[in-house]
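Here is a short briefing to keep beside you while you look through the model. Take it one topic at a time, with the viewer open.

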Amino acid sequence: DLLLIQCGLELIRPFSDCFSYESGVQVFEAHSCLFGNKPKSFVKTKHGWILTLLVGVSSLILPVVVQAQFDFTTNVDGTLNISKYTGSGGVVVIPDTTNGFSISSVGTNAFQLAHLTSVAFGTNVTSIRGSAFVSCSNLTSLTFGTNIGSIGTSAFASCFNLPSVNIPGNLTNIGSLAFHSCLSLTAITVDASNPAYSSVAGVLFDKNQTTLIQCPPRLAGNYI
């Protein structure tokens, strides 16, 4: 038999041994009694929580609302924040939306120590918070979306194998030590339209080039 459960807070209480809901945050977790050893996270749809189960059968049919490699919290404006990465690493693309909800930020420590090799941000991501990608030592490719506006303190610190960074025009707030100890970094380039930052020969400056913000540790040759 096919059982459809509309998972509102009231209806889910009989399943409390298997499910939990974090109050004030639109993150729904189904635990190991249904999913094996690895919890999964669900994003709330416009019509409530929906799960489709095959009763008496070990398999579980999951709808497209599931973003299996991300846990989400909700920002005050109703957009989503990636609070934790649960994937296995490799190439990661952060989409613009999931189930009709915009993904606008990446939370503190969300990807810390993840085995990423590449990450590309959707155009709706405007904020990357402090230490979001700290110690992602396998990261070699970083692509910001066009609407990224701020990067928090130590956001990409200790990404030892990151070779270069391209700062887009809307990125006007880079926190201190954002790329600290990125030991393979050879160049930081800035889009000419950026009103806050500029670059000269791969070195990051403020717009007026009166303050040197970061000289990449692997920049070749002499720099005066």
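Ser 158 touches Ser 135, Cys 136, Ser 137, His 180, Ser 181 and Cys 182, leaving aside residues up to four places away in sequence. You will find Ser 158 in the loop that links strand 15 (150–151) to strand 16 (164–167). Its relative accessibility is 16%, and because buried means under 20%, Ser 158 counts as buried. Please bear in mind that this is a predicted model.

**The chain and its confidence**

- The chain has 224 residues, of which 43% count as buried.
- Its secondary structure consists of 2 helices and 21 strands.
- About 11100 Å² of the chain is accessible surface, and carbon and sulfur atoms hold 53% of that.
- Among contacts with a separation of 6 or more, 37% join residues 24 or more positions apart.
- The average pLDDT of the chain is 79, and 69% of the residues reach at least 70.
- Over residues 1–67 the pLDDT is below 50, yet this stretch has 112 contacts in the model beyond near neighbours in sequence.

**The nonpolar core**

- In soluble globular proteins, nonpolar side chains tend to be buried together.
- Here the largest nonpolar core has 42 residues, and Phe 111 and Phe 156 have the most contacts inside it.
- At least two residues of this core come from each of strand 7, strand 8 (80–85), strand 11 (101–106), strand 12 (116–120), strand 16 and strand 18 (187–190).
- What does Phe 111 touch, not counting residues up to four places away in sequence? Its contacts are Phe 70, Ile 82, Tyr 85, Val 92, Ile 94, Val 106, Leu 116, Ala 132, Phe 133 and Cys 136.

**Strands 16 and 18**

- Strand 16 and strand 18 are paired in the parallel sense, with 4 bridges.
- In a regular strand the side chains alternate between the two faces of the sheet.
- Strand 16 has Val 165 and Ile 167 on its covered face, with Ser 164 and Asn 166 on the uncovered one.
- Strand 18 puts Ile 188 and Val 190 on its covered face, and Ala 187 and Thr 189 on the uncovered one.
- Which residue of strand 18 stands opposite Ser 164? That residue is Ala 187.
- Further along, Ile 167 stands opposite Val 190 in strand 18; Ile 167 lies on the covered face of strand 16, and Val 190 on the covered face of strand 18.

- Three strands form an open sheet in the order 9-12-14, with parallel pairing.
- At its edges are strand 9 (90–93) and strand 14 (141–143), each of which pairs on one side only.
- From one strand to the next, the twist averages 15°.
- Strand 12 pairs with strand 14 in the parallel sense over 3 bridges, and Val 119 has Leu 142 in strand 14 as its bridge partner.

- Another open sheet of 3 strands has antiparallel pairing and the order 19-20-21.
- Strand 19 (197–200) and strand 21 (212–214) are its edge strands, each pairing on one side only.
- In this sheet the twist averages 40° from one strand to the next.
- Strand 19 and strand 20 (residues 203–206) run antiparallel and are joined by 4 bridges.
- Opposite Ser 199 stands Leu 204 in strand 20.

**Single residues to look up**

- Asp 71 is in strand 7 (residues 70–74). Is Asp 71 buried or exposed? Its relative accessible area is 14%, and because the limit for buried is under 20%, Asp 71 is buried.
- Asp 71 and Lys 84 lie 13 residues apart in sequence, with 5.0 Å between their C-alpha atoms.
- Asn 109 sits in the loop between strand 11 and strand 12. Its phi is near 60°, a positive value in a residue other than glycine, and its relative accessible area of 34% makes it partly exposed.
- Ala 201 is in the loop between strand 19 and strand 20. The phi of Ala 201 is also positive, near 55°, again in a residue other than glycine. With a relative accessible area of 57%, and because exposed means over 50%, Ala 201 is exposed.

Terms used: Residues are numbered from 1 along each chain as its sequence is written. This is a predicted model: local features need pLDDT of at least 70, side-chain atom pairs count only at pLDDT 80 or more; totals for chains, interfaces and linings use all residues. Side-chain values use heavy atoms; hydrogens and water are left out. Buried means under 20% relative accessible area, exposed over 50%, partly exposed in between (1.4 Å probe, protein chains only). Contact means heavy atoms within 4.5 Å. Accessible areas come from the Shrake-Rupley method with a 1.4 Å probe; for residues, only the protein chains shown count as cover. Two strands pair if DSSP finds at least two bridges between them. Axes are lines fitted to C-alpha atoms, for helices over the stretch in contact, and angles run from 0 to 180 degrees between N-to-C directions. pLDDT is the predictor's confidence in each residue, from 0 to 100. A nonpolar core is a set of buried Ala, Val, Leu, Ile, Met, Phe, Trp, Tyr and Cys residues joined through side-chain atoms within 4.5 Å.
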